[in-house]
Amino acid sequence: MRFLIVTLGCAKNEVDSDRMRALLLADGFSETLDAGDADVAIVNTCSFLASATEESVEATLALAEERSEGVRDCPIVMCGCVPSRYGDALSDELPEVAAFVKAEDEDGIVGVVRDVLGMDADERAELPKTLRTVEGTSAFVKISEGCDRFCTFCAIPYIRGRYRSRAAEEIVSEVRDLMEGGVREVVLIGQDTGVWGCDLGEGETLASLLRLVAEAVRPYGGWVRVLYLQPEGMTDELIATIRDVPEVLPYIDIPIQHCSARVLRAMGRSGSPEELHALFDRLRSEIPGMVLRTTGMAGFPGETDDEADELYDFISEEGFDYCSVFAYSQEDGTAAARMDGQVDEDVKLERTQRLIDLTEQLGFAATAQHVGERVRVIVDGVEESEDGPELIGHAWFQAPDSDGAVHIPYGEATVGEVVTVDLVDSFCYELIGELVEEGE
């Protein structure tokens, strides 16, 4: 029996889909990428924003339509954030779906799939040692689930629950297995990675976890990257670990959302322009050559023209290497959705586009500054270009699937290899590199 998995949303959903894939493969199912060949289709949904929910529902309905036009009976299972957020109401709204699986119940996917297919349970199946099937050179590794911050604009705590750290031993074991399978970079992710260990024993911190993961990747020449740090999570211990442990990349991702002290308070967050400037000045001073990514939000309820200008000026002054920009979305069930002063859609989009134009200008310039450097690059794949095949990889300052890539003329290198490259040109967020022969 063949299954199709459609994954929507962030890297955390990619990890969840991979766990479900591993469980189904271990139970004897096989995977197909063609809906026409599938016996069951699994849609792993995102519901962080209303637009993401709409996309998830549309993708599900498109599958249902494709199924009805085909000759193969293919029940649909909807998993992840949409079922977690909307619960029992979905069965009436989406009769096309055979089963709904909340995020916390996804490890029971085999039983759900067997049930919708009318198959008996198979008690003989053995669980794989690691619930991953990664074949690429980089792998996301979830270190926690849920969030305790309850930012007023965000529904994640209601969808994913309270914060729960994953055990260090389990994380390190998964990292070792991934490295043995050919992965060369692990990217640690969670809703709030900086507070990892807060619900575990004394001394369990993100910094201590990073040192353990670094030891696990060291024999393979691997890299460790961590995403989704909050400003409050940048402790002295963590800064020193990023600076002093070679395997931990000096790539810091800190979503600020805004800089105005008033707007941040309304968001349920802390900080001010002065505090954030001081933090970034300290990071650049203590971790020379580091790369900094952030996230900004435009049009939060009550945001004035002056506060929008304040965020624009702050981002311009900091000159972030990478910055994602989002327009505020009025999400059901959140405190911000009930606030007075909802910003007009046209104004939100105008403020968002102005920030995007600025961040692209800054990001393109930051990328160009790497031209002339000699760097190590992980080869991720091979693609066809106008000039023939080329190697596609990424350097330490490029997070996979986020920050552009290094394009290298096809040469004596294989996918998964870490090669030395001279960066000779750039365009937008992309870089052109030339392979360096050993000994040069």
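**Charged pairs and helix packing**

Biologist: About how many helical turns separate lysine 348 and glutamate 345?

Modeller: Lysine 348 and glutamate 345 are 3 residues apart in helix α13 (helices are DSSP runs of H or I, at least four residues, numbered from the N terminus). This is a predicted model, in which local features need pLDDT of at least 70 and side-chain atom pairs count only at pLDDT 80 or more, while totals for chains, interfaces and linings use all residues. Residues are numbered from 1 along each chain as its sequence is written, and side-chain values use heavy atoms, without hydrogens and water. The separation is therefore about one helical turn.

Biologist: Is lysine 348 buried or exposed?

Modeller: Buried means under 20% relative accessible area, exposed over 50% and partly exposed in between (1.4 Å probe, protein chains only). Glutamate 345, at 49%, is partly exposed. Lysine 348 has 4%, so it is buried.

Biologist: How many residues apart in sequence are the parts tied together by glutamate 331 and arginine 85?

Modeller: Glutamate 331 and arginine 85 form a salt bridge, with closest N and O atoms 3.0 Å apart (the rule: a side-chain nitrogen of Lys or Arg within 4 Å of a carboxyl oxygen of Asp or Glu). Glutamate 331 lies in the loop between β13 and α13 and arginine 85 in helix α3, so the parts tied together are apart in sequence by 246 residues.

How values were computed
Helices (H or I, at least four residues) and strands (E, at least two) are DSSP runs, numbered from the N terminus.
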